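Hi everyone, thanks for coming. Please have the structure open while I talk, and stop me whenever you like.

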Amino acid sequence: MKFVRLILSNFKRHILRTILTILSVLVAFVLFAYLAAIRNAFQMGVSVAGANRLIVRNRISLIQPLPQSYESQIEQVDGVANATQAAWFGGIYRDNKRPFGQIAVEPEEFFDVYPEYIIPAEGKEAWLKTRTGAIAGRKLAEALGWKVGDKIPIQATYMTPKGGGNTWTFDLVAIQDGATEEVDTSSFFFRHDYLDENRLRGQGMTGWYYIKIKDPRHAEDVVKRIDEKFENSPFETKTETEKAFIKGFAEQMGNIGAIVVAILSAVFFTILLVAGNTMAQAVRERINELGVLKAIGFTDVQMLLLVLAESLLIAIVGGTIGLLLGSLAVKGGDPTGGALPIFHFPTRDVFFGIAAVFLLGLFAGVIPAVQAMRLNAVDALRRE
């Protein structure tokens, strides 16, 4: 109890300085929470990408198509359990203020390859029966106010329908949830056969293939077999693990992870200097008081712990409030209005933030604490 009173009495000496230091730590950890969520969003799906899944695309570019006939050939490759095709639609909904991914897939096989995409049994059955049926992710449906039974008109940008005009109308038959919060629920899926039958051109072609393999340990061998199968053909393939595919797609905008780490490093280094200077000033201002404490029997270790406790308390108060406010800010939703479909404060970063709070407190206080520990009582009492 006597140590607590000593610590608090020192904070009362310069209340404004203490508050400003705590606020600087608070802001740093709010920024940490937000940047952690942004980094996680740009790496969306990497952490949960299926170890048993591969992506097969055109070797030239993702926007170049592949023949639909490749599906049966890929399924004959040793080690492949299932293959299903997918195509990017790229349409516009209304004023396009909330853009979202629209992907044509094969319903039955898609859910076999992606079991973490959850929809009710009746919704799955309706999708199989409804040629114009589509499903929307929970986050997307809530953002746009959609409900099951709605008709969703989407304007084509290049996949124009045979019937003229450029409007495709889909029947929303189900809302898709994710097995975990890391699963994207901001996309729109519709039937590939409906796309193929009704588009003006491009029949018989698809965008890429999702591959489910039998044994993740043999992924590299399967990758090699698939690409060798279509080597020197008019449509050569590039096969890679889903994790590598997602990571490469995200890094087209730059190494977001490295940028975030650089920003956070600069912020925490600055805050470390601010907090360290605050503690150093606090020690210098009360040399005489510290000398009195030593004279009445406080040991070197007690002096060390006293100053470290002051530094830790500042870091814990500011850091804890900062992490809480940052978490609440992240829960407020994606600030871009849909560009970051997975936006949350990852649990691993929460624990990292807690560890950073304690490390900041220790590093900021260690030099002033050592100075207090080495203080000579006689010399301290002589100083004015």
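Predicted model: local features only at pLDDT ≥ 70, side-chain atom pairs only at ≥ 80, totals over all residues.

Residues are numbered from 1 along each chain as its sequence is written, and side-chain values use heavy atoms, with hydrogens and water left out.

Let's begin with the cavities. By cavity I mean a set of points, on a 1 Å grid over the protein atoms alone, where a 1.4 Å probe fits but cannot get out; lining residues have an atom within 4 Å of a point. Grid points are joined across faces, edges and corners, and volume is the space filled by probe spheres set on the points. Searching the whole structure gives 2 cavities of 30 Å³ or more. Which helices supply at least two residues each of its lining? They are α2 (15–42), α10 (256–285), α12 (300–331) and α13 (347–374). Helices here are DSSP runs of H or I with at least four residues, strands are runs of E with at least two, and both are numbered from the N terminus. Among the lining residues are T21, M279, S311, L360 and A364. By class, the lining has 7 nonpolar residues, 4 polar and no charged. In that count Ala, Val, Leu, Ile, Met, Phe, Trp, Tyr, Cys and Pro are nonpolar, Asp, Glu, Lys and Arg are charged, and the others, Gly among them, are polar.

Now follow α13. Its 28 residues should span 40 Å at 1.5 Å a residue, and the end C-alpha atoms are 41 Å apart, which agrees. That expected span is 1.5 Å times one less than the number of residues. There is also a kink of about 45° at V366, shortly before the proline P368. The bend is the angle between axes fitted to the seven residues ending there and the seven starting there. Buried residues in α13 include L360, G361, A364 and P368. For us, buried is under 20% relative accessible area, exposed is over 50%, and partly exposed is in between, using a 1.4 Å probe and protein chains only.

On to charges. Side chains of opposite charge can pair when their charged atoms come close. A salt bridge here is a side-chain nitrogen of Lys or Arg within 4 Å of a carboxyl oxygen of Asp or Glu, and the structure has 14 of them. In one, K129 pairs with E125 at 2.9 Å. The two sit 4 residues apart in helix α5, so about one helical turn separates them.

Another joins K151 and D171 at 2.5 Å, N to O. K151 lies in strand β7 and D171 in strand β8, so this pair ties together parts 20 residues apart in sequence.

R94 is in the loop between β3 and β4, and N232 is in the loop between α8 and β12. Thanks, and over to you!

Note on methods:
1 Å grid on protein atoms, 1.4 Å probe; cavity = no way out; pocket = protein on both sides within 12 Å on 5 of 7 lines; lining within 4 Å.
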